[in-house]
Amino acid sequence: MQISIAGLDKFAAAFWKHVKEAKVFAFHGAMGAGKTTIIKALCKYKGVFGNMSSPTFSIINEYAYQDKEALKKIFHIDLYRLKDAEEAMQAGVEECINSGSVCFVEWPEKAPDLFDELTLHVLIEPVNESRRRLKIYTGVQSSQHMG
Ligand SMILES: Nc1ncnc2c1ncn2[C@@H]1O[C@H](COP(=O)(O)OP(=O)(O)O)[C@@H](O)[C@H]1O
Ligand SMILES: [Mg+2]
């Protein structure tokens, strides 16, 4: 599927409707592909509190939102500056992934072993200045189609 920068909010609504079960999301794509931008749109749709700073300088950013009666967390993790799975574990990434909270992870290929077959992978490729192609698939390679 393709999404435009103007269609991000609409995409976010469709995404959340579609992925009720998944908790861990691995975002693949080159620098500037749109990983952070799309993750922020997904968080915004959930109504996260406060401003979402870029995780460029911290490995793990934690956001909160109200889900009916419950206060829920979203972890936004950027593995770019880490070397490998060991460094990721030292940074506390595994705890986030196993926490049961939603986790969005940029540069998952830095620590591929941290992601089990329940992980939903999102591959982002540029089409032009304002459009991106998204491919969404699970760790067991069964492709999943949205909209
Ligand atoms: N359809 C789109 N989806 C996401 N980002 C887009 C889109 N079209 C243009 N962009 C722009 O591309 C850039 C992506 O940057 P960013 O999200 O930081 O990438 P990454 O996190 O993958 O390095 C932003 O400037 C964003 O505004
Ligand atoms: Mg980014």
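Helices (H or I, at least four residues) and strands (E, at least two) are DSSP runs, numbered from the N terminus. With that in hand, here is a tour to follow in your viewer.

This is a predicted model, in which local features need pLDDT of at least 70, side-chain atom pairs count only at pLDDT 80 or more, and totals for chains, interfaces and linings use all residues. Residues are numbered from 1 along each chain as its sequence is written, chains are lettered from A and ligands numbered from 1 in the order in which they are written, and side-chain values use heavy atoms, with hydrogens and water left out.

**Stop 1: the loop at K68**

Start by selecting K68, in the loop between β3 (60-67) and β4 (70-78). Check its backbone: phi is near 55°, a positive value in a residue other than glycine. Most residues other than glycine have a negative phi. K68 counts as exposed, at 75% relative accessibility. For this tour, buried means under 20% relative accessible area, exposed over 50%, and partly exposed in between (1.4 Å probe, protein chains only).

**Stop 2: the loop at W107**

Now select W107, in the loop between β5 and β6 (120-126). W107 is not a glycine either, yet its phi is positive, about 55°. Is W107 buried or exposed? With 17% relative accessibility, W107 counts as buried.

**Stop 3: the magnesium ion**

Next, pick ligand 2, the magnesium ion. Which residues coordinate the magnesium ion? They are T36, through OG1, and E106, through OE, at 2.1 to 2.2 Å. T36 lies in helix α2 and E106 in strand β5 (residues 102-106), so the pair ties together parts that are 70 residues apart in sequence. Donors here are N, O and S atoms within 2.8 Å of the metal (3.2 Å for Na, K and Ca); water is not among the atoms, so sites may look incomplete. Color the two residues by accessibility: T36 is partly exposed, with a relative accessible area of 23%, while E106 is buried at 3%.

**Stop 4: where α1 meets α2**

Stay with α2 and bring in α1. Two packed helices are described by the angle between their axes and the distance between the axes. The axes of helix α1 (residues 8-18) and helix α2 (residues 35-46) come within 9 Å and cross at roughly 70°. That makes α1 roughly perpendicular to α2, a label for angles of 65 to 115 degrees; under 35 degrees counts as roughly parallel, over 145 as roughly antiparallel, and the rest as oblique. The axes are lines fitted to C-alpha atoms, for helices over the stretch in contact, with angles running from 0 to 180 degrees between N-to-C directions.

To see the contact itself (heavy atoms within 4.5 Å), select L8, D9, F11, A12, A13, F15 and W16 on the α1 side, and T37, I38, A41, L42, K44, Y45 and K46 on the α2 side. By class, this contact has ten nonpolar, one polar and three charged residues. In that count, Ala, Val, Leu, Ile, Met, Phe, Trp, Tyr, Cys and Pro are nonpolar, Asp, Glu, Lys and Arg are charged, and the others, Gly among them, are polar.

While you are on α1, click K10, which is also found in this helix. K10 is exposed, with a relative accessible area of 72%. Draw a distance from K10 to L42, 32 residues along the chain: their C-alpha atoms are separated by 9.9 Å.

**Stop 5: strand β7**

Move to L134 in strand β7 (residues 131-138). L134 is buried, with a relative accessible area of 3%. Which residues does L134 touch, not counting those up to four places away in sequence? They are M1, I3, F11, I38, V122, L123 and I124.

Beyond residues up to four places away in sequence, R132 touches M1, Q2, I3, G32, A33, I124, E125, P126 and V127.

**Stop 6: I97 in α4**

Finish with I97, found in helix α4 (residues 93-97) and buried, with a relative accessible area of 11%. Leaving aside neighbours within four places in sequence, I97 is in contact with V24, C103, L114 and F115.
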